[in-house]
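Me: I would like to learn how to read a few features of a structure. Please take them one at a time.

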Amino acid sequence: MHGTINTITDLIQHISKCIGEFDSAPWYRGQGDQNWALLPGIMRPQNQHISDEEKILRTFRQSAAMLIEKLPTDNFGWMFLMQHYGVPTRLLDWSESPLVALYFAVNEEPEKDGAFWVLNPLKLNSVARIEYLPSFEDEVLTSYASENMETHRRHPQLPLASIATRNNPRIQSQQGVFTIHQHDKTPIENVQPENITLKFIIPRESKESIKREITMLGFNKFQMFPELSSISEIIKGK
């Protein structure tokens, strides 16, 4: 743990130090419970009963195909779509915006201390001997594609940071980027060396006041989720 965030001012002070120390632009993630590990949905203990990714993909494709106008062209595309709708995948959401991460940290699990994570994405990838941030179309991520997972089971690889095409309003508004796990189930905070991630605690008693500060900055649910349901919730809230 590297500090506590009780206000937006605390947030700015902490990330200013991170930007000065990192060799690349930081990525951010907020979690409502500071005890949650940095693991993607499909690898969390509560989802062990749905760990068969190929089966999940087949089931989702079968049911979703008639509901969407433009079908994904590969399994990564289907994985992004599943992530978008809350299906557990090997993806973990991050953002290039600290306010996006803070929003999630204070709007989840109000009775628990939250966590604000800062990731050095280039340092994470350097552990896997990759010195840049690949896109999901890049050849280096071939072994992370679901159709190739079985052939690489004997040589599990560490999680990687990667950028994706921002092809829907939500991922664009949230300035979304991702880490992806392969077979290795090491939580990202346990990947060595140290300082790939930094963790800041958000005390539960500070969540409401931080939410008010975020709102004062004009940052509300519609900015995060530019959808009709968000407008409805904002109007009812006002």
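Reply: Helices (H or I, at least four residues) and strands (E, at least two) are DSSP runs, numbered from the N terminus. Serine 162 sits in strand E4 (residues 160–162). This is a predicted model, in which local features need pLDDT of at least 70, side-chain atom pairs count only at pLDDT 80 or more, and totals for chains, interfaces and linings use all residues. Residues are numbered from 1 along each chain as its sequence is written, and side-chain values use heavy atoms, with hydrogens and water left out.

Me: Is serine 162 buried or exposed?

Reply: Buried means under 20% relative accessible area, exposed over 50%, partly exposed in between (1.4 Å probe, protein chains only). Serine 162 has a relative accessible area of 0%, so it is buried. Contact means heavy atoms within 4.5 Å. Not counting residues up to four places away in sequence, serine 162 touches several residues, including Trp27, Pro134 and Phe178.

Me: How are the faces of a strand read, and which residues of E1 are on each side?

Reply: In a regular strand the side chains alternate between the two faces of the sheet. In E1 (residues 27–31), Trp27, Arg29 and Gln31 are on one side and Tyr28 and Gly30 on the other, all buried.

Me: Which strand pairs with E1?

Reply: Two strands pair if DSSP finds at least two bridges between them. E1 pairs with strand E3 (residues 114–119) in the antiparallel sense, over five bridges. Glycine 30 has phenylalanine 116 in E3 as its bridge partner.
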